[in-house]
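Hi everyone, thanks for making the time. Please have the sequence and the model up on your screens while I talk.

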Amino acid sequence: MKIQLYVLRTVATRVLGAAVVLFSILQILDLLEVTTEILDRGLGTAGVLYYAALRSPRLVEQVAPIATLAGGLFAFSQLARESAIIAMRATGISAYRIVGMALPVAFLVMALDFSCSQVIAPRTDPVLSAWWQATTPVADRKVPGPRSFRAGDDLVIADGASSDGRQLNAVRVYRRDKAGRLIERIEAPTATYGHGGGWTLNKPVIVRFNGEQVNVVPAAQMSWPSPLHRQDVQALFADSPVPTAATARRVLLNGGGDRPAAYYETQFLAAFAGPFTALVMMLLSAPVALANFRSSQGAVLLTGGLAAGLIFLVANGMLTALGEGGALSPLLAVWGGPVIFAALAVYALVVLEG
């Protein structure tokens with residue numbers, strides 16, 4: 001038990017230290033770009049801190065895998081240099097069990113990564129976007145262009161949306177028959193999302209096409225049955241939309257989306273595969289524990305582990321891009337990289353242990 005706590009404490013300390021350093025660097029670089037503008041708006045130090053707090057979940061998401069790799073390499077190399085690994089193996093503890101003692105740290109990082117990417121950041125991103133837009137000087141504000149997207153079987157164009165996603169402005173809804181012919185067009189100044197769900201078109205003008213006949217019917221209000229959720233609207237009108245698993249799932253079930261189905265399938269799978277990047281990083285750093293630092297093997301394995309982790313990030317990003325573009329199966333694009341690199345890490349560990 002003491003051995004397990006020692007390994008766990010060593011790995012956790014190094015991973016936490018690497019995370020703090022990397023997070024601080026990213027936070028400083030991010031603030032360097034916006035601090036002057038925030039101060040020019042008269043928001044002061046409080047505005048800088050508020051911006052930093054709202055940006056933190058996305059930065060944690062970026063830092064998590066690299067911090068796990070760096071922390072794992074530092075921790076296992078320290079254990080090897082101190083001959084702690086030799087002492088543990090002399091008592092009958094295998095290298096696999098030593099790595100297993102460190103895995104709870106990777107699982108904790110995975111949980112933190114998933115929480116930030118799927119729970120916290122989707123809530124802080126709209127708040128940050130609304131705050132940034134509200135504090136922008138009127139002369140510098142850019143009017144966003146119209147967005148077109150699918151909402152179930154309807155094709156929709158809207159000129160804008162509220163920050164909470166409960167209102168669409170200048171809405172045009174196009175409906176087609178099974179042959180793809182336009183049969184109805186609805187134009188409304190606004191569409192509002194009720195607190196109990198469902199959309200209402202305000203002062204709509206309904207234009208129905210029946211062969212060569214065109215019927216125009218104005219109305220005061222009209223219920224718009226649509227699977228479109230207010231969170232879908234927030235994602236569609238965000239500056240850099242990052243679909244969550246829930247958003248991607250709703251799009252695949254005929255929700256609101258403006259990209260091909262392959263993109264949302266890949267994003268849905270990536271939401272669950274992404275946290276496993278930390279586990280793969282921990283496995284890639286594990287062979288360093290069996291290195292002999294009295295020879296060049298230690299430096300070779302340390303450099304190789306770092307290179308393997310960086311190559312994994314690049315390869316995983318490329319595969320995900322191919323999946324989003326429909327050039328590769330989403331399942332293969334999302335899970336191919338983690339499975340291959342995890343297998344290579346385990347193979348290296350088996351060879352060194354053998």
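I'll go through the nonpolar cores, then a surface patch, then the aromatic pairs.

A word on the basis first. This is a predicted model, where local features need pLDDT of at least 70 and side-chain atom pairs count only at pLDDT 80 or more, while totals for chains, interfaces and linings use all residues. Residues are numbered from 1 along each chain as its sequence is written, and side-chain values use heavy atoms, leaving out hydrogens and water.

So, the cores. By a nonpolar core I mean a set of buried Ala, Val, Leu, Ile, Met, Phe, Trp, Tyr and Cys residues joined through side-chain atoms within 4.5 Å. Buried is under 20% relative accessible area, exposed is over 50%, and partly exposed is in between, with a 1.4 Å probe and protein chains only. The largest core has 39 residues, and Val-7, Val-11, Phe-76, Ile-85, Met-88 and Met-282 have the most contacts inside it. At least two residues each come from α1 (2-40), α2 (44-81), α3 (84-90), α4 (95-135), α8 (276-285) and α10 (330-353). Helices here are DSSP runs of H or I, at least four residues, numbered from the N terminus. Which helix gives the most to this core? That's α4, with 10 residues.

Take Val-7 as an example. Beyond its neighbours within four places in sequence, Val-7 is in contact (heavy atoms within 4.5 Å) with Leu-79, Met-88, Ile-98, Met-101 and Ala-102. There is also a second, separate core of 20 residues, including Val-156, Ala-191, Leu-201 and Leu-228.

Val-21, Ile-25, Ile-28, Leu-29 and Leu-32 make a nonpolar patch of about 490 Å². Val-21 sits in helix α1 and is partly exposed, at 48% relative accessible area.

Last, the rings. The structure holds 10 aromatic pairs. Rings of Phe, Tyr and Trp (its six-membered ring) pair if their centres lie within 6.5 Å; planes under 30 degrees apart count as stacked, over 60 as edge-to-face and the rest as tilted. Tyr-50 and Trp-131 are edge-to-face, because their centres are 5.2 Å apart and their planes at 70 degrees. This pair joins distant parts of the chain, helix α2 and helix α4, 81 residues apart. Tyr-50 is partly exposed at 36%, whereas Trp-131 is buried at 17%. Ring pairs also link Tyr-50, Tyr-51, Trp-131 and Trp-132 into a cluster.

Note on methods: Patch = residues over 30% accessible without salt bridge, like charges linked within 9 Å, V, L, I, M, F, W, Y side chains within 5 Å. Areas by Shrake-Rupley, 256 points an atom, 1.4 Å probe, with all protein chains shown as cover. Salt bridge = Lys/Arg side-chain N within 4 Å of Asp/Glu carboxyl O.
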